[in-house]
Amino acid sequence: VSRTLSAYIRHTINETKESIWIAQREGRAKDSNDRTQGSVLKMLNMSGDKDIVSNIMDLNIFPVAISYEYDPCDFLKAKELQQKRDDEHFQKSPEDDLINMQTGLYGYKGRIHFQTSACLNHELDELKELNLPKCDLFTAISETIDRHIHSSYRLFAGNYVACDLLMGDNRFTAEYTEEEKEHFEKYLEQQIAKVDLPNKDTAFLRHALLTMYANPLINYLKAAKG
């Protein structure tokens, strides 16, 4: 199946000259710490007949960052994190998946920002010169994609507020007003109130939500340094 999908993607891009959107991993990270899975790149490489870097370069990858001011599924992700914490064998039901999809489609997202980076081929060509072992090469390609995505995030007041609240400091107070801080904290309370668990751990859920909104900023700052 993976080889067939890989061949289809390569044919669509190289022969029919159409674009394809590819998720960097299966599902979004529960804590918004998005990372490209090496397995996705290995799948893309399957249909090529050259070296790994050349096979990936032939696909002309342009990393795309999608930033939401609010994640409508944030309380569902926090709920799932607590369920997995409390029961190591917990698995979402098909009904849970449907609720997540419906909430993600119709829930309030606030402002949304799409940003496309330049084609990665120049940077990938430089990786070829390093002669890295296969495993390290896939990791390096993943990190290159991630750096472009993270540096393209559009950050909102809630990201800065969340980071300050999570870290217990005032590092980013210049990035938001007191009114924006109060609004975000009220939003957190509203989202936590939506979690319907009999053993609801409010402190854990709040920390999970803060982490979700702080991570895009944390990754953005790391990418800027790199």
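In this predicted model, the protein is built from 10 helices and two strands. Read along the sequence, these elements follow the pattern α-α-α-β-α-α-β-α-α-α-α-α, and the C-alpha atoms fill a box of roughly 55 × 40 × 30 Å when the box is taken along the principal axes.

Empty space can be looked for as well: rolling a probe the size of a water molecule over the atoms shows where such space is left. The largest pocket holds about 930 Å³ of space, and its lining is made up of 28 residues, of which Trp 21, Ile 22, Ala 23, Gln 24 and Val 64 lie nearest the centre of the pocket. The elements in the table below each supply at least two residues of this lining, and the largest share, four residues, comes from strand S1.

| Element | Residues | Supply to the lining of the largest pocket |
|---|---|---|
| Helix H2 | 38-45 | at least two residues |
| Strand S1 | 64-68 | four residues, the largest share |
| Helix H7 | 134-151 | at least two residues |

The surface of the protein also carries a charged region, and which residues gather in this patch of negative charge? They are Glu 178, Glu 179, Glu 180 and Glu 182. Of these glutamates, Glu 178 has its place in helix H9, which covers residues 178-193.

Notes: Residues are numbered from 1 along each chain as its sequence is written. This is a predicted model: local features need pLDDT of at least 70, side-chain atom pairs count only at pLDDT 80 or more; totals for chains, interfaces and linings use all residues. Side-chain values use heavy atoms; hydrogens and water are left out. Patches are made of residues with over 30% relative accessible area and no salt bridge: like charges are joined within 9 Å, nonpolar side chains (Val, Leu, Ile, Met, Phe, Trp, Tyr) within 5 Å. Accessible areas come from the Shrake-Rupley method with a 1.4 Å probe; for residues, only the protein chains shown count as cover. A salt bridge is a side-chain nitrogen of Lys or Arg within 4 Å of a carboxyl oxygen of Asp or Glu. Lys and Arg count as positive and Asp and Glu as negative; His and the chain ends are not counted. The place of a charge is taken as NZ of Lys, CZ of Arg, CG of Asp or CD of Glu. On a 1 Å grid over the protein atoms alone, a cavity is a set of points where a 1.4 Å probe fits but cannot get out, and a pocket is an open set with protein on both sides within 12 Å along at least five of seven lines; lining residues have an atom within 4 Å of a point. Grid points are joined across faces, edges and corners, and a volume is the space filled by probe spheres set on the points.
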